[in-house]
Amino acid sequence: MLRIAFVRTVGKLIGWPIRRRLWAFYRDCENPQAIQEEILRQTIALQSDTQFGRDHGFAGIRNVADFRRQVPVAPYEYVQPYIEKVQKGNTQALLADDAVHMFALTSGTTAARKFIPVTSRYLAHYRRGWNLWGLKAMRDHRDVSLRPIVQLVGDPEEFHTEA
């Protein structure tokens, strides 16, 4: 009984900052279009000095309609030349980030495998999403709290780029 009380108390203390983020997420879900448009504006501003941003006139994009005119809906092959430059060490071809930690590889079930650059910014956003999901999962399924988990990952040495 004492252990359960301890676990709950520690869980509440540890979870407080994440719960605040979860509440903010719920608030943001009330107006997803405005949130999505703000994220788009921030991303365009951040990426405007990349080669991709310059090639697509990011500096002149002010709203979603501008973005739709400047950047076509396209398959992976459209951005592949930029990604190949990033693989050779020129991150500014596509990304405002100074470094790429790794490239996530798709499974290649429908075509050749695709390379997804993983940066510090990408990891921060990814981690935020997983933290929110994890907190919600723990709140909704308390019986799984503090139980062992199995995590599956790919081989980090599977592939290396030139850079």
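Good morning. The structure is a predicted model, in which local features need pLDDT of at least 70 and side-chain atom pairs count only at pLDDT 80 or more, while totals for chains, interfaces and linings use all residues. Residues are numbered from 1 along each chain as its sequence is written, and side-chain values use heavy atoms, with hydrogens and water left out.

I begin with the overall fold. The chain contains six helices and two strands; these are DSSP runs, numbered from the N terminus, with helices (H or I) of at least four residues and strands (E) of at least two. In sequence order, the pattern is α-α-α-α-α-β-β-α. How spread out is the chain? Its radius of gyration is 20 Å, well over the 15 Å that the globule rule gives for 163 residues, so the chain is more spread out than a compact globule. Here the radius is taken over C-alpha atoms, and the globule rule is 2.2 Å times the number of residues to the power 0.38. The C-alpha trace spans about 65 × 40 × 30 Å along its principal axes.

Next, the surface. Of the 163 residues in the chain, 20% are buried. A residue is called buried under 20% relative accessible area, exposed over 50%, and partly exposed in between, using a 1.4 Å probe and protein chains only. The chain exposes about 12,500 Å², and carbon and sulfur atoms supply 58% of that area. These accessible areas come from the Shrake-Rupley method with a 1.4 Å probe, and for residues only the protein chains shown count as cover.

A contact means heavy atoms within 4.5 Å. Among contacts between residues at least 6 apart in sequence, 46% join residues at least 24 apart.

I turn now to the aromatic rings. Rings of Phe, Tyr and Trp (its six-membered ring) pair if their centres lie within 6.5 Å; planes under 30 degrees apart count as stacked, over 60 as edge-to-face, and the rest as tilted. By this rule there are eight aromatic pairs. In one of them, Phe 25 and Tyr 26 have ring centres 6.3 Å apart and planes at 50°, so this pair is tilted. Phe 25 is partly exposed at 34% relative accessibility, and Tyr 26 is also partly exposed, at 36%. Phe 52 and Phe 58 form an edge-to-face pair, with 5.9 Å from centre to centre and 85° between the planes. Phe 52 is buried at 9% relative accessibility, and Phe 58 is buried at 7%. Ring pairs also link Phe 52, Phe 58, Phe 67 and Tyr 82 into a cluster.

Finally, four individual residues. Thr 9 belongs to helix H1, residues 2–29, and is partly exposed at 46% relative accessible area.

Gln 87 lies in helix H5, residues 76–87. Is Gln 87 buried or exposed? With a relative accessible area of 13%, Gln 87 is buried. Beyond its neighbours within four places in sequence, its contacts include Phe 103, Phe 115, Phe 159 and Ala 163.

The loop between H5 and strand E1 (102–105) holds Ala 99, which is partly exposed at 42%. Not counting residues up to four places away in sequence, Ala 99 touches Thr 91 and Thr 119. Gln 92 is found in the loop between H5 and E1 and is partly exposed at 32%. Leaving aside neighbours within four places, Gln 92 is in contact with Asp 49, Thr 50, Gln 51, Asp 97 and Asp 98. Gln 92 and Tyr 122 are 30 residues apart in sequence and 15 Å apart in space, C-alpha to C-alpha.

Thank you for your attention.
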